[in-house]
Amino acid sequence: MDLVQMQKSLQDYTKSLFLEGILDSQFLQLQQLQDESNPDFVSQVVTLFFQDSDRILNDLSLSLGQQVVDFKKVDPHVHQLKGSSSSIGAQRVKNACVVFRNFCEQQNVEACHRCLQQVKQEYYLVRNRLETLFKLEQQIVASGGMIPAVELGF
Amino acid sequence: MAEVLLPRKMEMANDPSKFGSPDLLHVLAVDDSHVDRKFIERLLRVSSCKVTVVDSATRALQYLGLDVEDKSVGFEDLKVNLIMTDYSMPGMTGYELLKKIKESSAFREVPVVIMSSENILPRIDRCLEEGAEDFLLKPVKLSDVKRLRDSLMKVEDLSFTKSTQKRELETENVYSFDSPVQSQLKRTKI
């Protein structure tokens, strides 16, 4: 694949993530903050998000797996995950966290278990898609090309 | 990994020469979220601010010198033009930090902005009543930061100098305070 084709693929791929609601405009904000002086800003923030999320999801599994669930422990974790997913534009993860928090408030253990599964699903999805996105970018850079500028009009 | 993850010693953070340029706004950002710290730091840097980021209210108080016996004083020579703090943090909240700052003689005039992902009116009211300059909904926008900076620039009567060389804006990330505070700055007692 030549450079132009790769750049077109990247743009199409990125657009699809927005159209599917996996990412929202906050991700665009992140991309706009990236420049020659900080060329890896987006991937750095996203990597932090992955690290935080792995930890939180693990803690949540443990907390919800207890005989007696302590919602005072569960809720702050979900709140944290909601916050960080919102900060990087991982819209579906954020929305799943909002639902999760509602059930935490109701102290509904069964529903919370389902919510955790849902959050995990959305998280693995966005993680997978973003990793693919970064690979596409790396291929372009490795071929000596530039990452196409963010298009806002779609 | 990014420079933000390197811990620095307290002595370096308190070195007066580090707060060199008088025409840059120095912002202290407080947030327990790793992702949000990275994000706010970048927002501030692209807005031409000098940034110090800490991960808790306790560390913020240590940085300001408000954590010791005479809690009302603080580091008199430390120039901080704006404090931006998350509301919900484990341990001490942003609201409690706001109160402590407003109680201090050295920093009560410094504008404090609260950031929160939750749009809770009583919370917002309480913060504003306690003297918060503004309340920003997360995720914070670049336009929010620019608006803050612009209004502060007017107040402080600072001027931007555009240099032809690219100036490296230093970020100080104070994560560990394992050595006792060796302050190089004067502390005046009232």
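Q: What does buried mean here?
A: Keep in mind that this is a predicted model. A residue's relative accessible area decides the matter, and over 50% makes it exposed. Buried means under 20% relative accessible area.

Q: How many of the 6 residues of strand β2 of chain B are buried?
A: Strand β2(B) takes in residues 49–54. C49(B), V51(B) and V53(B) point one way, while K50(B), T52(B) and V54(B) point the other way, and all are buried. So the strand is largely enclosed by the rest of the structure, with a buried count of 6 of the 6.

Q: Which residue in β2(B) is the bridge partner of V30(B)?
A: Strand β1(B), residues 25–30, runs parallel to β2(B), and 6 bridges join the two. In β2(B), V30(B) has as its bridge partner V54(B).

Q: Which helix does the chain pass through on its way from β1(B) to β2(B)?
A: This stretch is a β-α-β crossover, and a right-handed one. Between β1(B) and β2(B), the chain goes through residues 34–46, which form helix α2 of chain B.

Q: Is D144(B) buried or exposed?
A: D144(B) sits in helix α6 of chain B, residues 142–156. Its side chain reaches the backbone nitrogen of K141(B) at 3.0 Å. The relative accessible area of D144(B) is 15%, and the cut-off is under 20%, so D144(B) is buried.

Q: What percentage of residues 38–137 of chain A is helix?
A: UniProt, in an unreviewed entry, annotates this stretch as "domain: HPt". The end C-alpha atoms of the stretch are 15 Å apart.

Q: Where does UniProt place the feature "modified residue: Phosphohistidine"?
A: The feature comes from an unreviewed entry and falls on a residue of chain A. That residue lies in helix α4 of chain A, residues 71–88, and counts as buried at 16% relative accessibility. Leaving out residues up to four places away in sequence, it touches R101(A), S88(B), S117(B) and E118(B). The residue UniProt names is H79(A).

Q: Which residues touch the most other members of the largest nonpolar core?
A: As background, nonpolar side chains tend to be buried together in soluble globular proteins. Here the largest nonpolar core has 66 residues. Beyond neighbours within four places in sequence, F100(A) has contacts that include L60(A), V74(A) and L116(A). The two that touch the most other members are F100(A) and M84(B).

Technical notes: Residues are numbered from 1 along each chain as its sequence is written. Chains are lettered from A and ligands numbered from 1 in the order in which they are written. This is a predicted model: local features need pLDDT of at least 70, side-chain atom pairs count only at pLDDT 80 or more; totals for chains, interfaces and linings use all residues. Side-chain values use heavy atoms; hydrogens and water are left out. Buried means under 20% relative accessible area, exposed over 50%, partly exposed in between (1.4 Å probe, protein chains only). Helices (H or I, at least four residues) and strands (E, at least two) are DSSP runs, numbered from the N terminus. Two strands pair if DSSP finds at least two bridges between them. A crossover is right-handed if, with the strands pointing away from the viewer, the path from the first strand over the helix to the second runs clockwise. UniProt positions are given in the numbering used here, feature names are shortened, and annotations may be inferred rather than shown by experiment. A polar contact is a pair of N or O atoms within 3.5 Å; within protein, one must be able to donate a hydrogen and the other to accept it, and residues adjacent in sequence count only if both atoms are side-chain atoms. A nonpolar core is a set of buried Ala, Val, Leu, Ile, Met, Phe, Trp, Tyr and Cys residues joined through side-chain atoms within 4.5 Å. Contact means heavy atoms within 4.5 Å.
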